[in-house]
Amino acid sequence: MRARRRTTWANRRSRSWRLSLVAAAVLLLGGVAAAPVAAADAPPKAEECEFSVQKDVPATMRDGTVLRSNVFTPKGDGEFPVILMRLPYNKEGALSFVYGPPDRYAKACYLVVVQDVRGEYKSDGTFYPYQSEAEDGYDTIEWSAALPHSNGKVGMYGFSYPGLTQWLPATLTPPHLVTIAPGFTSSDIYDGWTYEGGALYQSFIQDWLLSFLTGGVTSKLPDGAKLRAEMNQASKDLHAKWYRHQPLNNFPPLYPEDDRIAPYYFDWIDHPSYDDYWKRWAIRDHYPQVKVPSLNFSGWSDIFLNGTVENFAGMRAQGGSEVARQGTQLLVGPWTHGGSGRKVGDVDFGPEAVVAWGDLHLRWFDHWLKGIDNGVDKDPPVKVFVMGANKWRTADSWPIPGTANTTYYLHSKGDANTANGGGALDTTAPATDEKADQYQYDPANPVPSVGGRFQSSVPGGPRDQRSVEQRPDVLVYSTPQLTKDTEVTGPISVTLYARSSAKDTDWTAKLTDVQPDGTSMLIRDGIQRARYRVSLEKPELITPGEVYKYTIKLWPTSNMYKAGHRIRLEISSSNFPMYDRNPNTGGKFGADTTTQPASQTVLHDPEHPSSITLPIMPAPVR
């Protein structure tokens, strides 16, 4: 592969000057930014290199296990910074559909290392998710720093699981790690990755394991071809057959009697509470040990959004060094998992939504690994895409200072069932007794998942909820048409006062944007399992017929409700198969083979003011 070296210091200074002007313009525009891409008039890349490629280069971990990497080394006598990716999805792919191929970064004069994690594809050992990533990552960082032609500075990139393979070793403070760029990943493997509010992320977890995570493991087995064919078929049959299979702790497509395949799935089902099994991998508990800056990016319809945002805020407040605190940045667009385009779900967000991840990463690494003064350190720490307005907003911190958290209360005459009912939403608290709303939740006929956060086998993103809102087991509360543009940007929560005939049940909430033609576009959703209403660590069943207060966290969003639109809240007890169905029995999680209906009641009176709290921007983005 041949390329020309074409570099001058003047070119570097010119590029830096133009990018600095862009950053200054962002600040002058009062928090409104153009799409975060490299300046269109930027000169050619600072330098280009020829490079060589070595396949399956062995690295020995501290316990003697050998992991293998593809290494892309720039030619010449110089030393170069390292960019490292560690993934369970086959290093030959290197997530190129998001970042571009490793060749691109090697051509930009980086030494690129892409490694199969322990037990996957060409690497030795046994794969068990998360278990070895901190130590293996640390050892690989230090091994990479000592490779021929390395200058000892290592950065990391990758999204989803390869985001965790950055955070986990970063908590051990490897001396040669300079920066990380984790995308679409979480702060916690339990809440916001495997479970949410105590409910299992069923569609994601089961399809992830069947379709993606077990590929490298089965490829090494003597009967791997047969297993792969069976698992591929099971993945195709998830909706027709397997999502409704009970019990969850005996899921045939993952071979519960065969520890070679995915024994960890059954461990996850056996640990439905936030216990020591999960706490060992909690990023949020180790921010002070992370001493490097991070570029965090996600999408409003990503399943790991909340963790990405929490990692940013946690590092800005608690990071282990000044450079980690001040250098960490957040970028959130309208996308689902791994997205970067304009079309998401049923909505085209326009050209402003398009982001080139490869360009962003090169600019980030050029600054932190090569020391190029390109304006990265002057960029606003927060860049979020405001859906509806289809513009970028910038800020210095998250949540955005000056946010007006506004409470909207639920009202009805006991007739909020379906979008044709009398459910209302306004900022006036209930002043008189209002008749409670009731519905039957039958796990045998759950509310179907339509859009929302990435669920692997269920199309995600903002999608029209009108079909869902015609079900009698969905309560619907709407504001009148808005008289002015109203921007909702920040974390959202629902306070619900409710009772059930069951010992345990679920409460779900959805926030939608109702357009003048009646389209009810999903903006945000969430769930709370009753037994985890107080603590995710210590479940407590409820007493049938007793009223309890629940908090449903809907996670953050950014959406412009335009004048003439309405804000809508849906309340129900299922969102399947995104979350597992609560069988309403109060039995041991994952062991139920039957379900039973539950009578649900939602109260909204002076003593039980059910509500949703929305983060309103005093001045909508323009």
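Q: Which residues in H6 meet Tyr264, Tyr265 and Trp268 in H9?
A: Contact means heavy atoms within 4.5 Å. In this predicted model, Ile205, Gln206, Trp208, Leu209 and Leu213 of H6 meet those H9 residues. By class, the contact has seven nonpolar, one polar and no charged residues. Here Ala, Val, Leu, Ile, Met, Phe, Trp, Tyr, Cys and Pro count as nonpolar, Asp, Glu, Lys and Arg as charged, and the others, Gly among them, as polar.

Q: At what angle do H6 and H9 pack?
A: Two packed helices are described by the angle between their axes and the distance between the axes. Helix H6 (residues 202-213) and helix H9 (residues 263-270) pack at about 170 degrees, with axes 11 Å apart. That makes H6 roughly antiparallel to H9 (over 145 degrees). Axes are lines fitted to C-alpha atoms over the stretch in contact, and angles run from 0 to 180 degrees between N-to-C directions.

Q: Is the crossing of H6 and H9 left-handed or right-handed?
A: Right-handed: the near helix is turned clockwise from the far one by less than a right angle.

Q: How many of the 622 residues count as buried?
A: Buried means under 20% relative accessible area (1.4 Å probe, protein chains only). The share here is 61%. The C-alpha trace spans about 80 × 60 × 40 Å along its principal axes.

Conventions
Residues numbered from 1 in each chain as written. Predicted model: local features only at pLDDT ≥ 70, side-chain atom pairs only at ≥ 80, totals over all residues. Heavy atoms only, no water. Helix = DSSP H or I, 4+ residues; strand = E, 2+ residues; numbered from the N terminus. Parallel < 35°, antiparallel > 145°, perpendicular 65-115°, else oblique. Buried < 20%, exposed > 50% of the residue type's maximum accessible area, 1.4 Å probe, protein only.
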